[in-house]
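Q: I would like to learn how to read a structure like this one. Can we go feature by feature?

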Amino acid sequence: MMKFDGISKQYSLGQNQISALDGVTGQIAQGELVALCGPSGSGKSTLLNILGMLDTHYDGEIMFGSQLLSKNPKSLIQFRRQNLGFIFQRFNLIPVMSALENVSYPLMLNGLSTQEQQEQSLAMLDKVGLADWAHHRPDALSGGQQQRVAIARALVHKPSLVIADEPTASLDSASASQVIELMKTLGHELKTTFIVATHDSRMATRCDRTIELIDGKISHSAYQWAS
Ligand SMILES: Nc1ncnc2c1ncn2[C@@H]1O[C@H](COP(=O)(O)OP(=O)(O)O)[C@@H](O)[C@H]1O
Ligand SMILES: [Mg+2]
């Protein structure tokens with residue numbers, strides 16, 4: 001579903017170049033829940049931003065299906081809206097919008113009618129167990145509930161890939177468990193690939209596969225993709 005080859009990334013900090021990723025290569029199958037593990041500073045967020053097409057300043061190549069990804073940010077906007085979903089550590093819901101409106105947002109960007117937006121968003125809220133909370137704003141919801149709204153928002157437009165950066169790091173362990181299980185069941189049901197950065201070992205052990213980064217390189221050969 002996705003192949004990435006020789007991904008390297010350097011940040012400039014004053015006069016210094018920081019190597020955040022150094023020749024990262026791998027592939028991910030459709031519908032897999034992949035944990036991207038590694039200590040803080042190992043390059044997880046950097047790699048997610050690149051695979052999520054938010055950062056196009058990198059060396060190397062990414063194939064998305066049979067398509068070589070462009071490095072022109074403008075040409076990626078529409079592609080990203082249709083094919084990708086995002087989940088963040090701090091939920092990133094829009095505070096003045098209801099759960100339903102938050103979930104509808106990607107459908108609005110993709111030009112669906114108001115009625116289609118409503119129907120599909122309610123159906124997705126139902127899948128994450130929050131149909132009864134559709135008209136509540138995020139501040140009326142617990143952290144775990146907010147993250148479930150964020151999962152619904154990430155999936156509502158049926159993307160083929162969801163990128164999640166530390167999605168359980170702000171949650172207590174019961175809510176974290178629910179969030180992991182939801183990503184896994186919905187990912188398998190909808191055949192959506194999830195790439196989830198985490199340094200939470202509870203999370204990692206429950207994913208289908210693990211990629212471990214250390215100092216910007218894939219470390220453990222046992223975890224690498226067989227190509
Ligand atoms: N915007 C940035 N400018 C400079 N250095 C950065 C920037 N973002 C990340 N880095 C550096 O790149 C390396 C990888 O960071 P990051 O991808 O955030 O790791 P992780 O998500 O695994 O904690 C770290 O050394 C970090 O300090
Ligand atoms: Mg990070």
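Q: How do the residues of the shell around ligand 1 divide into nonpolar, polar and charged?
A: Start with the classes: Ala, Val, Leu, Ile, Met, Phe, Trp, Tyr, Cys and Pro count as nonpolar, Asp, Glu, Lys and Arg as charged, and the others, Gly among them, as polar. Here the shell holds 5 nonpolar, 6 polar and 1 charged.
A: Some ground rules. This is a predicted model, where local features need pLDDT of at least 70, side-chain atom pairs count only at pLDDT 80 or more, and totals for chains, interfaces and linings use all residues. Residues are numbered from 1 along each chain as its sequence is written, chains are lettered from A and ligands numbered from 1 in the order in which they are written, and side-chain values use heavy atoms, with hydrogens and water left out.

Q: Which residues surround ligand 1?
A: A residue is near a molecule if one of its heavy atoms lies within 4 Å of it. Ligand 1 has Tyr 11, Leu 13, Ile 18, Ala 20, Pro 39, Ser 40, Gly 41, Ser 42, Gly 43, Lys 44, Ser 45 and Thr 46 around it.

Q: Which element gives the largest share of that shell around ligand 1?
A: Helices (H or I, at least four residues) and strands (E, at least two) are DSSP runs, numbered from the N terminus. Helix 1 gives the largest share, 3 residues. Strand 1 (2–13), strand 2 (16–28) and helix 1 (44–51) each supply at least two.

Q: Which side chain has an N or O atom 2.8 Å from an oxygen atom of ligand 1?
A: A polar contact here is a pair of N or O atoms within 3.5 Å. The side chain of Lys 44 makes the 2.8 Å pair. A polar backbone atom of Ser 45 is 2.9 Å from a ligand 1 oxygen. For a backbone N or O atom of Ser 42, the distance to an oxygen of ligand 1 is 3.2 Å. Ligand 1 alone exposes 550 Å², and the protein buries 63% of that. Such areas come from the Shrake-Rupley method with a 1.4 Å probe.

Q: Is Thr 193 buried or exposed?
A: Buried means under 20% relative accessible area, exposed over 50%, partly exposed in between (1.4 Å probe, protein chains only). Thr 193 counts as buried because its relative accessibility is 0%. Thr 193 sits in strand 8 (residues 193–197). A polar atom of its side chain lies 3.0 Å from the backbone nitrogen of Gly 31.

Q: Where is Leu 122 found?
A: Leu 122 is in helix 4 (residues 114–127). With a relative accessible area of 34%, Leu 122 is partly exposed.

How values were computed:
Polar contact = N/O pair within 3.5 Å; in protein donor to acceptor, adjacent residues only side chain to side chain.
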